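Keep the picture open while you read.

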Amino acid sequence: MSSKTCSCSCRIPSLVKKYLMALTGAVLVLFMLAHVVGNLQMFGAPDKINTYAHLLHALPPALLWGFRIVIAACIIVHLCLAIKLKLENLAARGTEDYDAKATRYAAFSARFMIVSGLLLIVFIVLHLLQFTVFKEAGMLAQYENATSITAVGGSGFFGYLGQHGNDAAVMKYEVFDVYQMVYNAFSNPWISLGYIVAMLLLLSHLSHGAHSMFQSFGLRNEKLRPIFRVIAAIYAIFVSFGLISVPVAVLTGVIKPNPDTKAPIAQAACPFTKCAAPCAEPASEAAPAEQAAAATDEK
């Protein structure tokens with residue numbers, strides 16, 4: 001009797017687990033919103049996303065790694081609690097007929113949450129390896145100092161980061177070419193396809209997860225339910241299709257290589273359009289061709 005009481009007292013209440021799920025989910029929801037806004041800078045000039053990435057990596061290491069650890073902890077806690085709550089719900093449900101019917105009629109995204117979450121974890125690991133871990137390990141040296149960005153020195157944000165020269169001087173900085181790295185990665189149709197599939201899983205996961213988050217915080221009732229459902233759907237569509245738009249734009253030629261890069265330029269496969277010429281022409285080869293054409297015209 002006493003051992004049973006002790007066991008129960010050490011157990012985290014389900015309500016606390018749900019609040020932790022909602023809190024970690026809210027952190028990840030905000031992170032994904034910031035992430036998609038950053039990625040959409042690929043549609044601007046290359047120095048836009050390169051400046052953005054440079055500023056992030058120029059933050060104090062304690063702040064940068066502290067942020068990474070918080071996000072990683074939120075993902076791990078969110079996943080573990082989701083699995084635990086799911087197992088508890090299955091154990092409490094039993095094999096009653098009405099419960100089986102309720103599960104059958106539940107939304108697909110709700111029933112698929114654990115599976116989509118686990119698949120997204122696999123994607124996140126691969127994504128971090130490709131775009132973050134390999135960079136930190138020095139395995140993407142071809143993009144280091146491969147392009148330049150322009151900023152005003154002095155008391156501005158670059159000045160705060162200690163990246164400035166003379167006061168009020170326009171300075172050029174040689175930086176890691178994130179734009180070209182992303183372009184080269186998504187020029188591979190298989191990488192783009194895997195990314196698009198992962199983002200569709202994210203759409204399913206976010207559409208239900210964001211909606212459930214409102215309920216866990218006690219903000220959802222019968223009158224507000226349709227409103228929060230629409231908000232969750234709009235958010236999930238914006239994030240997922242915003243991220244999907246980048247590989248699609250690379251493959252269709254909407255996003256082009258960085259003309260000022262020193263890094264190698266991949267040839268986009270362009271599976272959605274018929275290209276009479278290669279989709280991406282390296283800048284180093286384009287200039288001699290133009291010079292030869294000009295010399296011919298003079299003759």
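Helices H9 and H11 are roughly perpendicular to each other, a label for angles of 65 to 115 degrees. Before going on, a word on the source: this is a predicted model, where local features need pLDDT of at least 70 and side-chain atom pairs count only at pLDDT 80 or more, while totals for chains, interfaces and linings use all residues. Residues are numbered from 1 along each chain as its sequence is written, and side-chain values use heavy atoms, leaving out hydrogens and water.

Back to the pair. H9 spans residues 178-186 and H11 spans residues 225-251, packing at about 75° with axes 9 Å apart. Helices here are DSSP runs (H or I, at least four residues), numbered from the N terminus. The axes are lines fitted to C-alpha atoms over the stretch in contact, and angles run from 0 to 180 degrees between N-to-C directions.

Who meets whom, with contact meaning heavy atoms within 4.5 Å?

| Helix | Residues in the contact |
|---|---|
| H9 | Val 182, Tyr 183, Phe 186 |
| H11 | Val 246, Pro 247, Val 250, Leu 251 |

By class, this contact has seven nonpolar, no polar and no charged residues. Nonpolar here covers Ala, Val, Leu, Ile, Met, Phe, Trp, Tyr, Cys and Pro; Asp, Glu, Lys and Arg are charged, and the others, Gly among them, are polar.

Now for helix H4. His 78 is found in H4, and it touches Met 21, Thr 24, Gly 25 and Leu 28, not counting residues up to four places away in sequence. His 78 and Thr 24 are 54 residues apart in sequence, yet 5.9 Å apart in space, C-alpha to C-alpha.

Note on methods
Helices (H or I, at least four residues) and strands (E, at least two) are DSSP runs, numbered from the N terminus. Angles under 35 degrees count as roughly parallel, over 145 as roughly antiparallel, 65 to 115 as roughly perpendicular and the rest as oblique. Contact means heavy atoms within 4.5 Å.
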